[in-house]
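Subject: Structure handover

Hi,

Here is the structure for you to look through. My notes follow below it.

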Amino acid sequence: MEQLLPILIQEYNVLKQYAKELYKQTSMHEYTKSFDIFDTAILVSIISVLGLWALRNLRFPNKDYNQSYFEYFKAQIFIFLVNYCPGVNSYIEQQKAIALQSFSSSMEKMTSKKTLKIPENGIDSDTMMDKMNEWIERDSKHNGSGKVSGSLYVMPDKQFIKNAQDFCKHFIYSNPMHADLWPATRQMEAEVIRMTGDLFGQEKEGIGIVTTGGTESIILAMLAYRNWGESQKGINKPNIVIPETAHSAFYRAGEYFKIQVRVAKIDQSSFQVDINDLRAKIDSNTVCIVGSFPNFGYGTSDPIEQLASIAKKKKIGLHVDACLGGFTAVFAKDHGVDLGKFDFTLDGVTSISCDQHKHGLAPKGVSTVLFKTKQLREHAFFSLATWSGGAYAVPSMQGSKCGANVAGAWFTLQSIGKKKYIDYSKKIMDATQSLVKSLSEIPEIKVFGNPQINCVAFMSKETWLNVYAIHEILTHQGWTISSVQKPAGVHISLTLQNIGNLKQYVHDIKAAIEKIKANPKEYKKGGEMGTVYGTTQRIPDSKLANQAIKVYLDSLLKI
Ligand SMILES: *Cc1c(COP(=O)(O)O)cnc(C)c1O
């Protein structure tokens, strides 16, 4: 450094001298006699280089893609207040403590006879069987109530459920990762992919990965697109463009893999993605776009055919999220309903996620992500040929995994068979139609868009009617349904367990509306859900709002 600096200064002066000579020869000399153009030029170049670098590299650390600059500014002031004003900070901490207290006490109510340590001596099997029955009973309270949204998808058939349990229990110690030890489990896994791919237009060969659930399927697909974009197109700042209604797993993939998530608007009458907004958000760093079939919140499906043609034109991926709808939608044509194309028969669809453990009716912990090509699937695989523990390769996020999950899916697909799936699909889709019709006849509420598959949400049309108050009243009557937001609504995901009970659902909604109408002031805030959403929506910074709801997870994992 000591030697370099004088040399640099010397060089600089030589150059400067030379530049001055040049400068004197130009006509500029006449106008700016005292102006040292060389230093200025150097300064300007340095500033421009720095400016360009800043423009390309400095991103607003907290700015959501969809946040306006005004919202961002507001959030910054809020963060400043939280960080530097002890009063505001302690207020938030206090609110978090109150929330933790309230979540924890509701967990406490569901908890009994806590175990905090492993016993000195193992407990004998009779006692364990008693304990097992106690656990089973506690977990079965909602079974057969017909008042649960989604969650429990299998038909209420005790013998079928027992057969599934009997089948799976032999594979709880097996691990498809070791094909040599468990060749049958390996075969079941490959066959689950083949059978599922067949339903979605993979004619010659199944190309997919078995995962633990829809979330993992989606995360793996996004990983594949990110890696594909990097290796095939040299994209190192990838983004994906998703409808605002896309599942949270896409946002999670963005967080995990540092993919920018660009959120396309939802049309406020059809509740499908606004195609023009989505198209406008695609740029040269976009690796894929997404459509849901249907989405979880509102039950509406995005126009997959239009999305496919955009993806094809732009030479990027299109992921169809059929986690919820897949096993209902693939059989629609077999009972005479045309939902349009949404699978690999549509050029432009490059991956599909589909859950066996939802309307595939399998026991929990199994989903499949399908890919159009093996090359794309390979981008989701992980391998480490040089690992000290030996050459290592796995297809999904897990290392060792349980054979029972895949056995459950294999058992279910085989023992239900196509005819029954068609029948179930018809029952669920008919129930969806009739629920939409009944809800549309209630003047105070409105159904979100035109849900066709297996999930229906409604919102309030009246200012005096807080829709979360309906949710609150129904919850007290034993319903376990979901509240959605943006706009506020209540949704039910139809299953073979609850479709027989929808008349009751509509009746209870009507009664709840009457109750609120009689006393609108009392229900203005919308009960517990209304309060939770009210609080999180008042927090301008999404990171802080997220911190506030993470308090719930603390209580979930606490004993
Ligand atoms: C349930 C669901 C998922 C995620 O599935 P998990 O199995 O809960 O991880 C993804 N997309 C949609 C539309 C869903 O309904």
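A residue is called buried under 20% relative accessible area, exposed over 50%, and partly exposed in between, with a 1.4 Å probe and protein chains only. By that rule, 42% of the 559 residues in the protein chain are buried.

Some ground rules. This is a predicted model: local features need pLDDT of at least 70 and side-chain atom pairs count only at pLDDT 80 or more, while totals for chains, interfaces and linings use all residues. Residues are numbered from 1 along each chain as its sequence is written, and side-chain values use heavy atoms, with hydrogens and water left out.

**The chain**

The protein chain holds 18 helices and 13 strands. These are DSSP runs numbered from the N terminus: helices are H or I with at least four residues, strands are E with at least two. The C-alpha atoms fill a box of roughly 100 × 65 × 60 Å along the principal axes.

Contact means heavy atoms within 4.5 Å. Of the contacts with a separation of 6 or more, 69% join residues 24 or more positions apart.

The chain exposes about 31500 Å², and carbon and sulfur atoms supply 57% of that. Accessible areas come from the Shrake-Rupley method with a 1.4 Å probe; for residues, only the protein chains shown count as cover.

**The ligand**

The ligand is surrounded by 13 residues, counted when a heavy atom lies within 4 Å of it. The closest are Gly214, Thr215, Asp321, His357 and Lys358. Helix α8 (residues 214-233) gives the most to this shell, with three residues.

Polar contacts here are pairs of N or O atoms within 3.5 Å. A polar backbone atom of Gly214 is 2.9 Å from an oxygen atom of the ligand. For the side chain of Asp355, an N or O atom is 3.2 Å from a ligand oxygen. On its own the ligand has 380 Å² of accessible area, and the protein covers 86% of it.

**Ala488**

Ala488 is in the loop between β12 (482-484) and β13 (489-493). Is Ala488 buried, or partly exposed? Its relative accessible area is 31%, so Ala488 counts as partly exposed. Leaving aside neighbours within four places in sequence, Ala488 is in contact with Phe448, Phe458, Met459, Val467 and Tyr468. Lys158 is 330 residues away along the chain, and its C-alpha atom is 37 Å from that of Ala488.

Best wishes

Conventions: Polar contact = N/O pair within 3.5 Å; in protein donor to acceptor, adjacent residues only side chain to side chain.
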